[in-house]
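Hi,

Here is the structure I said I'd pass on.

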Amino acid sequence: MGTIVDMKEIRFKEVVEAITELLEEPEQEEGMLVAIDGRSGSGKSYLADYLQKIFAARKVDTKIFHMDDFYLQNAQRTEERMAEPGGNVDYERFREEVLIPIFYGDTVKYRPFNCRLMDFDPEEMTEIRPGRLNIVEGSYSQHPYFGAPYALRIFMDIDSESQLENIRNRIGDDASRLEKFKTVWIPKEEAYFAAYKIEEQSDLVVSWS
């Protein structure tokens, strides 16, 4: 009987090895930050969850922070802001409420953005104590507004056909939402990637295929 190959182990092997090496460096003693940026539908959250399981099994306290929790509220969506590359995420609030507390080893506290309400959920508060390894997952996680807080920057790539198929599988038979991805959100991501050379400046590029 042949050996069963776990494709995740192959696809993410380089990422796991890179993080393992960084964790062994003396200067990475506490609060190490890793960014997973990239295209919609490319598997950013999937990779974050996989890494959390891998390093938790190695007794490394691993926490995940999602950029999706920091989209703009309606009042912030001015024409000028929405025209800015990477401007449709509340990067100011993310820096203040996530990155700075992690830097100081403080508990991260914030109200996540709710897509149904297009605002914060008044009943919901997220509180996360930073771990030894902290993964920031989502498009815009490498926004230049943040400076250079990351020990490792990962870019998730995917071809356009697979991207739309994955998005369709995620949102179901919602034609209007899929069209919004095609005409608004994907073009905005691409503008951000191009303006700030996100893929080129990443340490590792992981392809969907």
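The axes of helix α6 (residues 160-171) and helix α7 (residues 175-196) come within 11 Å and cross at roughly 130°. Axes here are lines fitted to C-alpha atoms over the stretch in contact, with angles from 0 to 180 degrees between N-to-C directions; helices are DSSP runs (H or I) of at least four residues and strands (E) of at least two, numbered from the N terminus. On the α6 side the contact (heavy atoms within 4.5 Å) is made by Gln-163, Leu-164, Ile-167, Arg-168, Arg-170 and Ile-171, and on the α7 side by Arg-177, Leu-178, Phe-181, Lys-182, Ile-186 and Glu-189.

A caution before the rest: this is a predicted model, where local features need pLDDT of at least 70, side-chain atom pairs need 80 or more, and totals for chains, interfaces and linings use all residues. Residues are numbered from 1 along each chain as its sequence is written, and side-chain values use heavy atoms, leaving out hydrogens and water.

Now some single residues. Ser-202 sits in the loop between α8 (198-201) and β9 (204-207) and is buried, at 12% relative accessibility (buried is under 20%, exposed over 50%, partly exposed in between; 1.4 Å probe, protein chains only). Lys-59, in the loop between α3 (44-57) and β2 (62-66), is exposed at 77%, and its phi is positive, near 65°. Lys-197, in the loop between α7 and α8, also has a positive phi, about 50°, and is partly exposed at 47%.

Cheers
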